[in-house]
Amino acid sequence: MNVVPQPSFLPVDWWALGAVIALSVGSILLLLLEFIPPRPNGDRGPLLSLLALIVAGYAAYRVRDDKRALFEGMFVHDGLTIFFTILFCAVGVVSVLFAWNYNKRTRIGQPEFYSLLLTSVLGMVVMAASNDLITIFLGLELMSLSLYVMVGFRRNLLESNEAALKYFLLGAFASAFLLYGIALLYGATGTTNLQRIGDFLGDTPIGRQPLVLAGSLLVFTGFLFKVAAVPFHMWTPDAYQGAPTSVTGFMSAGAKAAGFAALLRILMRALPSLQHDWQPLLAVVAMLTMTVGNVTALLQNNVKRMLAYSSIAHAGYILVALAAGNRDGSAAAAFYLAAYSFMNLGAFALLTMMGRGSDEPVLVSDLAGLGFRQPLAGLALTLFMVSLGGIPPTAGFMGKVLVFGSGLDAWNHLAAAHDPGARVMLAAVIVGVLNSVISVFYYLRITVALYMREPEGEPVALSLNAPGVAALLLTAAATLWWGLQAHSLWQAAQRSVAGLL
């Protein structure tokens, strides 16, 4: 009698995959809700989204002390995965809260919007947890394709359609660069696994061969587009301005953090042996990014467009930390991403409450006198602007201290080794400090409008609602707490990158 061999199945690590499972199930259930007739002004979409995001965050937190590798090492559950998974879920929760009333007011389709939001968060989690270039690309496309649709969600507005088309076309080019770079690195090393690429380049003398350098440069190009670094930033102002404000806030925090999380893992795991090549490159890009972002933001009267250029400048600050190439630099980047996400989300949360119906006032002049008409809202927006400008005692100030401190540490080590890259690193820190001073001007313009100008014509309405106020309170509390008590977040950031170095 012939015995048919039974297939052997590897045990599934459910908790390590808990966030991925929760987000996938939540996204599918939201789509299935389309088959059930909705109640007028029903809240099932945001409620189910919040449940999925909370469960996903809890699943990551429950096994926070465990380090596990799945799918032949392509998906890892380590400190970096846990830190960024919880951050992405928190960004998703805040985004759902301030989109709750905004979507009803502007008549944006409910279930499909939240399904795309969960799918985008799922892509971010996959990017942060990937230990392989192929899965990083899959997570990147999962996030990007969802965002392309969300940017163009207000189909009746021409600028929303234009923003989505520009974002999609330039995003396709960036994906092509990234894929080509992955192909070249695979051709040079014979693998797409980040750890094996790092081991191979560290043990062989081919690290400076044209094939490896060209592949690395193309991979950098793809990620620099996603984080809106100069000269790959041109899509950002149009996409931020044309997208619904609820989408702009979510995209400015989540997509940037996901891009930097994947880039951080690639630099520290796959390309540490090429640090002398990419360190000055990232420092130069950081200087250009900070300067172009801040100087251009000075000229903006549209708040969303101003925050878009501000986002570009903040990408430059984070690149200074990555260019440091050490543990403190990597931890400072993680800290800054968490702090930036909350203070930026808070600013956009307030913008979603402005206006009536589909009206969406976003000019600086629209904020005139708001600080006196709505004192708490004005105080919250002032706090977010002060934090974005890096003024104490806020999380933005602590983030800049840690970022520039890690840059100075890297400069000391390079100078002690008589490395020519020391001058570039020091220049990046100096340019960063000067740009921080420049940025204070346009952030304080918002405060001046809030408290020192009278509204022209009828004052802009502010539709306060419970979910939106909850988003404001959460973001304001995090912004202030991490400015006064930054130690806990700094320790979490250090633990998250400990396994990479």
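How many nonpolar, polar and charged residues does the lining of the largest cavity have? In this predicted model, that lining has six nonpolar residues, three polar residues and no charged ones. The largest pocket has a lining of 13 nonpolar, four polar and six charged residues. The helix α3 gives the largest share of the lining in the largest cavity, and α3 also gives the largest share in the largest pocket.

**Cavities**

- The count of cavities of 30 Å³ or more comes to four.
- A volume of about 50 Å³ is found for the largest cavity.
- The residues lining the largest cavity are A16, A19, A60, F75, H77, T81, I82, T85 and V125.
- Two elements, β2 (75-77) and α3 (79-106), each give two or more residues to this lining.
- The share contributed by α3 to the lining of the largest cavity is three residues.

**Largest pocket**

- The largest pocket holds about 590 Å³ of space.
- It is lined by 23 residues, of which G79, I82, F83, A492 and R495 are the closest to the pocket centre.
- Elements giving two or more residues to the pocket lining are α3, α13 (327-352) and α19 (487-498).
- From α3 come seven residues of the pocket lining.

**Residue present in both linings**

- I82 is among the residues that line the largest cavity, and I82 is also one of the lining residues closest to the centre of the largest pocket.

Note on methods. Residues are numbered from 1 along each chain as its sequence is written. This is a predicted model: local features need pLDDT of at least 70, side-chain atom pairs count only at pLDDT 80 or more; totals for chains, interfaces and linings use all residues. Side-chain values use heavy atoms; hydrogens and water are left out. On a 1 Å grid over the protein atoms alone, a cavity is a set of points where a 1.4 Å probe fits but cannot get out, and a pocket is an open set with protein on both sides within 12 Å along at least five of seven lines; lining residues have an atom within 4 Å of a point. Grid points are joined across faces, edges and corners, and a volume is the space filled by probe spheres set on the points. Helices (H or I, at least four residues) and strands (E, at least two) are DSSP runs, numbered from the N terminus. Ala, Val, Leu, Ile, Met, Phe, Trp, Tyr, Cys and Pro count as nonpolar, Asp, Glu, Lys and Arg as charged, and the others, Gly among them, as polar.
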